[in-house]
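Hi,

Here is the structure I promised to pass on. Have a look at it first, and my notes follow below.

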Amino acid sequence: MTDENMLFATEDQMAELLEEAPAETLTDKYLVFLTDGLRFGVEAEYVVEIINNYAITRLPIVPPYVRGIINLRGLIIPILDIRSRLGKAPAEDDCIVVLSQNETQLGILVDTVDRMVDVDRESISPMPAQNTQELISGMCSLAEGETLLILDCEKLFQA
C-alpha cells in the first residue's frame, strides 16, 4: 500500500497492515569485557576508548574500589576497580575502559576486553529481586551460549 493510500486507510486496514509488517527487533551495541571470569556488557554509547598499561596515580582516603586517577590528554579521570566494586578480590589489571556520561568521564579497570555485540533489547532479563548487586541491571544469553551481565552505567556514575 502506498503512503498516499495509507492516509485514507480504515482502522481495520491499518491493523491488517501492522500485523503483516515484520516486527522490528530493537538492538543495542554492547562492549563485552571479562572480569573475574564473568562476562559483562556496557552500552557502546558510553564507551569513549580503551587504553592499556596506563600509569594510575593512587589517592589517599578514598574507597577501596577507587584505584586512583589518570591524566588522559589533560583530563583527570577517576579509575574504579570493577572487581573491588563488585565485591571481588582485586587484581593487577592493565586494561581501562573509559566511559562518558553527560560530559563526565570515568575509567573502569577490567581483566580484558572481548568484543562488541548486538543485543536484542527484549532478550535482556531483569536481575532477580533479591539481587544485592545494584550495578547489574540485567542479563542475557549470547549466541555462543555465554551469559552476559549488563552493567548499569548510570548507577556506576552515581556511585
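In what order do the 6 strands of the open sheet come? The order is β8-β1-β2-β11-β10-β9, and the pairing is mixed. At the edges stand β8 (112-120) and β9 (125-126), each with a single partner strand, so one side of each has no neighbour in the sheet. Strands here are DSSP runs of E with at least two residues, helices are runs of H or I with at least four, and both are numbered from the N terminus. Two strands pair if DSSP finds at least two bridges between them.

Strand β1 (residues 27-35) runs antiparallel to β8, and 8 bridges join them. One to look up: Tyr 30 has Val 117 in β8 as its bridge partner.

Before the rest, some housekeeping. This is a predicted model, where local features need pLDDT of at least 70 and side-chain atom pairs count only at pLDDT 80 or more, while totals for chains, interfaces and linings use all residues. Residues are numbered from 1 along each chain as its sequence is written, and side-chain values use heavy atoms, with hydrogens and water left out.

Now Leu 156, which lies in helix α4 (residues 153-158). Its relative accessibility is 1%, so Leu 156 counts as buried (under 20% relative accessible area; exposed is over 50%, partly exposed in between, with a 1.4 Å probe and protein chains only). Leaving aside neighbours within four places in sequence, Leu 156 is in contact (heavy atoms within 4.5 Å) with residues including Leu 80, Leu 99 and Ile 108. The C-alpha atoms of Leu 156 and Ile 108 are 9.7 Å apart.

Cheers
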